[in-house]
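Here are a few exercises to work through with the model open beside you. Try each task before you read its solution.

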Amino acid sequence: PVWVNHGGVLGGAGQFVRAAKGIFCFWISSGRRRRPLNYIGFRGQGFQPRDCLQPRDLVPLRRQQWSEPVDSSKPRLVNVSGGANNSISLAQLSRWCEQRLGPHQVGVDLTPRPFDAPWMVPDSARARQAGGWKAATSADATVDGIARHAGGHGTGLGADAHWRPSPLRRRP
């Protein structure tokens, strides 16, 4: 059987600090290192919310799915997301960073991009209905964990400005 779990934005401690790998880690890292940041599109206000899903919250769902019989009538395609309660915009994340890391100017890039979405928070209702799954970790706890982990693990968010992935995360 095949299960397809379409996710929102995964974010957690130890994640690669690149925009393509996770906007929350990238934003916190760039804020701490005083690297340039820009709100892109939508009048440059940073108001586009994204859900924040801690990867460990997927473990109970995956365990449940793996234990299902092959002929289960439960949906095989579900959205998994932090949901509206765990959504955060870049403007909110910038305020969070400012409170914890100090002021950092965020620029504006008004260039329209064809695939920018004003709201990206998948609805996890099917996953909840199929087995009672819902995200357990709040967006605040997730971004706190990112910053706490990074500050103590040489990821460039603390004193060590030369971030390197751990040997366990390297791929051939």
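This is a predicted model: local features need pLDDT of at least 70, side-chain atom pairs count only at pLDDT 80 or more; totals for chains, interfaces and linings use all residues.

**Exercise 1: the layout**

*Solution.* Residues are numbered from 1 along each chain as its sequence is written, and side-chain values use heavy atoms, with hydrogens and water left out.

Step 1. Find the elements: helices (H or I, at least four residues) and strands (E, at least two) are DSSP runs, numbered from the N terminus. The protein chain has five helices and six strands.

Step 2. Look at contacts, meaning heavy atoms within 4.5 Å. Take those between residues at least 6 apart in sequence: 81% of them join residues at least 24 apart.

**Exercise 2: the inside**

*Solution.* Step 1. Sort residues by relative accessible area: buried is under 20%, exposed is over 50%, and partly exposed is in between (1.4 Å probe, protein chains only). Buried residues make up 42% of the 172 in the protein chain.

Step 1. Join them up. A nonpolar core is a set of buried Ala, Val, Leu, Ile, Met, Phe, Trp, Tyr and Cys residues joined through side-chain atoms within 4.5 Å. The largest one has 20 residues, and Phe24, Trp27, Ile28, Leu93 and Trp96 touch the most other members.

Step 2. Trace them back to their elements. Helices H1 (23-33), H3 and H5 (139-152) each give two or more residues to this core, and H3 supplies the largest share, with six. Apart from this core lies another, of eight residues, including Leu61, Val78, Trp133 and Ala135.

Step 3. Zoom in on H3 (residues 90-101): its buried residues are Leu90, Ala91, Leu93, Ser94, Trp96, Cys97 and Leu101. Just after H3 comes Gly102, with a positive phi of about 100°.

**Exercise 3: charged pairs**

*Solution.* Step 1. Apply the rule: a side-chain nitrogen of Lys or Arg lies within 4 Å of a carboxyl oxygen of Asp or Glu. The count comes to three salt bridges.

Step 1. List them with their N to O distances.
- Glu68 and Lys74 meet at 3.1 Å.
- Arg113 and Asp116 are 2.8 Å apart at their closest N and O atoms.
- Asp144 and Arg100 come to 3.6 Å.

Step 2. Asp144 is in helix H5 and Arg100 in helix H3, so the bridge ties together parts that are 44 residues apart in sequence.

Step 3. Glu68 counts as buried because its relative accessibility is 19%, whereas Lys74 is partly exposed at 28%.

**Exercise 4: cysteines**

How many disulfides does a search of the whole structure find?

*Solution.* Step 1. Look for cysteine sulfur atoms within 2.5 Å of each other, the cut-off for a disulfide. The search finds zero.

Step 1. Take Cys25 as a case: the nearest cysteine sulfur, that of Cys52, is 8.7 Å away.

Step 2. Check burial. Cys25 is buried, with a relative accessible area of 2%, and Cys97 counts as buried at 6%.
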